[in-house]
Amino acid sequence: MNKKKIFNDPVYGFVTVPTELLFDLIEHPYFQRLRRIQQLGLTGFVYPGALHTRFHHALGAMHLMSLALRTLKDKGVKISAAEGEAAQAAILLHDIGHGPLSHALEHAIFHEVPHEQLSLFLMQKLNKEHHGALDLAIRIFQGTYERPFFHQLVSSQLDMDRLDYLNRDSFYTGVQEGRPGADRLIKMLTVVDEKLVLEEKAVYSIENFLVSRRLMYWQVYLHKTVTSAEQMIIRIIQRARDLVRSGHEVPASPDLHFFLSKPVSILNFSQDDTILQRFVQLDDTDVWSAVKMWAQHPDKVLSYMSRSMLDRKLFKIILQTEPFDDDLGLGVIELIAEKFDLSPQDASQLMLAGRISNNAYDADGKDTIDVLTKSGRVINVAEASDLPNIRALGQRVEKHYICYPKEIAQ
């Protein structure tokens, strides 16, 4: 069978699958599941074109990795065929542990189970199936390989994952200002003492990348209407979970029902292989089919929120820089209880409050973006003399929000 396949990607054009192992990983059911998980969760409620999938993104990140490796090799960095394949496998599989609706339900369905850990579990299972062929890819993914620049290409403040999702998400949302200039950044990559750095002439491209990232977070990922929708779906799942665990009948697919019915921790995943097998059956379809059924549920809170999601009757959201006064929250709950004839406890389920925050660059963290100066020094890009913007982009901006049904404001 010819495994040297070509995909026609709307962002990059033709993307080649360079080796048989990478083709086999793409063909695997674990990876094919990513076709059924939207990259941006509920962002399509705001940007109708944002319907691309994790499958799209993983292939794009693999393509950018191949370009980065080619650039480094052209600059004299010794990269073996095995290392190149392993780096591409690591980036291809980096999101394989994502659950339904991407980040939105990561904390609602499971108890402190990060998708990166599930990705590792699935990579280890794939490694067994392929008789150890992913040993090096897993070391790169975990950051234990002795050449750290490979891990930096997979996971750092300027990695192929970020370059692809900013490129792809700006393309599908139509937010053109979010394009990070990936081509030039990749051309400027080099390696010093086995660490990834960029040539000094890339500093303005790095600044553009960080500005793009900040803009995409506030305009797309943390858009106030997207935040409202995500908080609603989280509360819907939490309400269904609480009802199931208190003995009520709540219809759902067998695998979703399993996770609703009992708390599942990372320890449970590592001790019981059947839980991981249930997880890989979950995708966006399970959630949406459940929400459609729950819109008819006798529980007023669950049915109201489910119907609101289906009809895009999203909660009103207010954002501000200071925390909201407790009295405001109590007043909102009182109005909800009166409007929907609910107990104060149930009414509180229809008020969603929390905070969102974003900083485009952590200039003081361990994992900085470093620049190779013309004099041969390696410095943090934030130290570049004429780039005060980069230090400013590292400032964390925090906003507090409160969401509630629009009916009570009428």
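**Reading a predicted chain, feature by feature**

Modeller: Let us start at one residue of this predicted model: Ala-202 lies in the loop between β4 (195-199) and α10 (203-221).

Colleague: Is Ala-202 buried or exposed, and how do I read that from its relative accessible area?

Modeller: A residue counts as buried when its relative accessible area is under 20% and as exposed when that area is over 50%. Ala-202 has a relative accessible area of 0%, so this residue is buried. The C-alpha atoms of Ala-202 and Val-381 are separated by 9.6 Å, while the two residues stand 179 residues apart along the chain.

Colleague: What does the chain come to as a whole, in helices and strands?

Modeller: The secondary structure comes to 19 helices and nine strands, and 56% of the 410 residues count as buried. Taken along the principal axes, the C-alpha atoms fill a box of roughly 70 × 55 × 35 Å. For 410 residues, a compact globule would have a radius of gyration near 22 Å, and the 23 Å of this chain agrees with that.

Colleague: How should I read a salt bridge, and how many salt bridges are there?

Modeller: The idea is that a side-chain nitrogen of Lys or Arg lies within 4 Å of a carboxyl oxygen of Asp or Glu, and by this rule the count comes to 19 salt bridges. One of them joins Glu-199 and Lys-75, with the closest N and O atoms 2.6 Å apart. Glu-199 lies in strand β4 and Lys-75 in the loop between α3 (54-74) and α4 (81-92), so this pair ties together parts that are 124 residues apart in sequence. Lys-75 itself counts as partly exposed, at 33% relative accessibility.

Colleague: Which residues other than glycine have a positive phi here?

Modeller: As a general idea, most residues other than glycine have a negative phi, and that is the background against which to read the following two cases. His-131 has a positive phi of about 55 degrees; His-131 lies in the loop between α5 (115-129) and α6 and counts as exposed at 75% relative accessibility. Glu-194 has a phi near 65 degrees, and its place is in the loop between β3 and β4. Glu-194 is partly exposed, with a relative accessible area of 28%. Glu-194 also forms a salt bridge with Arg-147, whose closest N and O atoms are 2.8 Å apart, and Arg-147 counts as buried at 13% relative accessibility.

Colleague: Which residues gather in a patch of positive charge on the surface?

Modeller: A patch of this kind is made of residues with over 30% relative accessible area and no salt bridge, like charges being joined within 9 Å. Here Lys-224, Arg-312, Lys-313, Lys-316 and Lys-406 gather in such a patch of positive charge. Among them, Arg-312 is found in the loop between α16 (300-310) and β5 (316-320), and with a relative accessible area of 40% Arg-312 is partly exposed.

Definitions and conventions: Residues numbered from 1 in each chain as written. Predicted model: local features only at pLDDT ≥ 70, side-chain atom pairs only at ≥ 80, totals over all residues. Heavy atoms only, no water. Patch = residues over 30% accessible without salt bridge, like charges linked within 9 Å, V, L, I, M, F, W, Y side chains within 5 Å. Areas by Shrake-Rupley, 256 points an atom, 1.4 Å probe, with all protein chains shown as cover. Lys, Arg positive; Asp, Glu negative; His and termini not counted. Charge placed at Lys NZ, Arg CZ, Asp CG, Glu CD. Helix = DSSP H or I, 4+ residues; strand = E, 2+ residues; numbered from the N terminus. Buried < 20%, exposed > 50% of the residue type's maximum accessible area, 1.4 Å probe, protein only. Rg over C-alpha atoms; globule rule 2.2 N^0.38 Å.
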